[in-house]
Amino acid sequence: MHRPRRTPGTPHRGRGRPARAAVRVRARRRGRGRGRCRRLPALGAGKPGARRLGAGRCAGVGGNGSEAVSDRGDDVSEESNGTAQASAARRAVALIVNGREHVVQVEPRTLLVDAIRDHVGLTGTHIGCDSTSCGACTVLLDDRPVKSCTLFAVQAEGSRLRTVESVGSDDGTLHPLQQAFEDEFAFQCGYCTAGMLMSSLAMYERDDPPDRGEIRRCLVGNLCRCTGYESIVDAVELAVTRRGAADQEAEAR
Ligand code: FES
Ligand code: FES
């Protein structure tokens, strides 16, 4: 069987670029997701490399994890055939993360998740699949959840990013969502938890509280390998209910 040969000198990361390109093709063949989580207008339209990125009231880029939205997969296959020139030109990109500006030197192809972890130094955002499938890398971009392995760092320039490090207080006080996750035992190994929290936070901060069905739909792009989905949904529902009760109490005063 013919296997495409890697261009000498190009980096070979993870399970291998040709294999990851095949994963992206399979993901595209599975088709686009349906439902409210995919219907918002394009995010990042007009920016280089951006495609129409479906979203909904709850989910942003890569909302249901069914489509690899960056062009990197195409680049990879070209690169593996030895026809593409790898661009190593770095440029300064100003990322606003958790209220602080960080100017990082990245290549145009640097993924947002890599910029956050390797350049900004915030490693709470996890990498699970690196192919827009698992949601472990979810962060908020202008208050919308995005899978940060789906965007290039340059596409996030000028946007307001929030990572899991921004959840909770510096003095150790848990955010109500974190407290609810603890109360409902909504994590086991915890690898998915950062992404689950960020997707949940976008729902939690909305004016109209989501019901259980909507919570499930909005978390559809976040996978838990420990399969603790029921307790995760329970936790988000508990946090939303507590918030509603607190709001009512405040209004009654
Ligand atoms: S979706 Fe980004 S690491 Fe899995
Ligand atoms: S708690 Fe282990 S992957 Fe979700």
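Which residues in α4 meet which residues in α5? In this predicted model, Pro-176, Leu-177, Gln-178 and Phe-181 in α4 meet Thr-193, Met-196, Leu-197, Ser-200, Leu-201 and Tyr-204 in α5, where contact means heavy atoms within 4.5 Å. Helices are DSSP runs of H or I with at least four residues, numbered from the N terminus.

Residues are numbered from 1 along each chain as its sequence is written, and chains are lettered from A and ligands numbered from 1 in the order in which they are written. Local features need pLDDT of at least 70, side-chain atom pairs count only at pLDDT 80 or more, totals for chains, interfaces and linings use all residues, and side-chain values use heavy atoms, with hydrogens and water left out.

**Confidence**

The mean pLDDT of the protein chain is 78, and 65% of its residues reach 70 or more; pLDDT is the predictor's confidence in each residue, from 0 to 100.

| Stretch | pLDDT | Contacts beyond near neighbours in sequence |
|---|---|---|
| residues 27–56 | below 50 | 70 contacts |
| residues 63–84 | below 50 | 65 contacts |

Where pLDDT is low, the predicted coordinates should not be read in detail.

**The pair α4 and α5**

Two packed helices are described by the angle between their axes and the distance between the axes. The axes of α4 and α5 come within 10 Å and cross at roughly 125°, the axes being lines fitted to C-alpha atoms over the stretch in contact, with angles running from 0 to 180 degrees between N-to-C directions. That makes α4 oblique to α5, because angles under 35 degrees count as roughly parallel, over 145 as roughly antiparallel, 65 to 115 as roughly perpendicular and the rest as oblique.

Gln-178, found in helix α4, counts as buried at 17% relative accessibility, since buried means under 20% relative accessible area, exposed over 50% and partly exposed in between, with a 1.4 Å probe and protein chains only. Leaving aside neighbours within four places in sequence, Gln-178 is in contact with Val-167, Gly-168 and Leu-197. Thr-193, which lies in helix α5, is buried as well, with a relative accessible area of 11%. Not counting residues up to four places away in sequence, Thr-193 touches Phe-181 and Phe-187.

**Helix α7**

Helix α7 (residues 229–252) has 24 residues and reaches 35 Å from its first C-alpha to its last, close to the 34 Å expected, a span given by 1.5 Å times one less than the number of residues. Its buried residues include Ser-231, Ile-232 and Val-233, and what covers the buried residues of α7 includes α4 (176–183), α5 (193–204) and α6 (212–218).

Methods: Helices (H or I, at least four residues) and strands (E, at least two) are DSSP runs, numbered from the N terminus.
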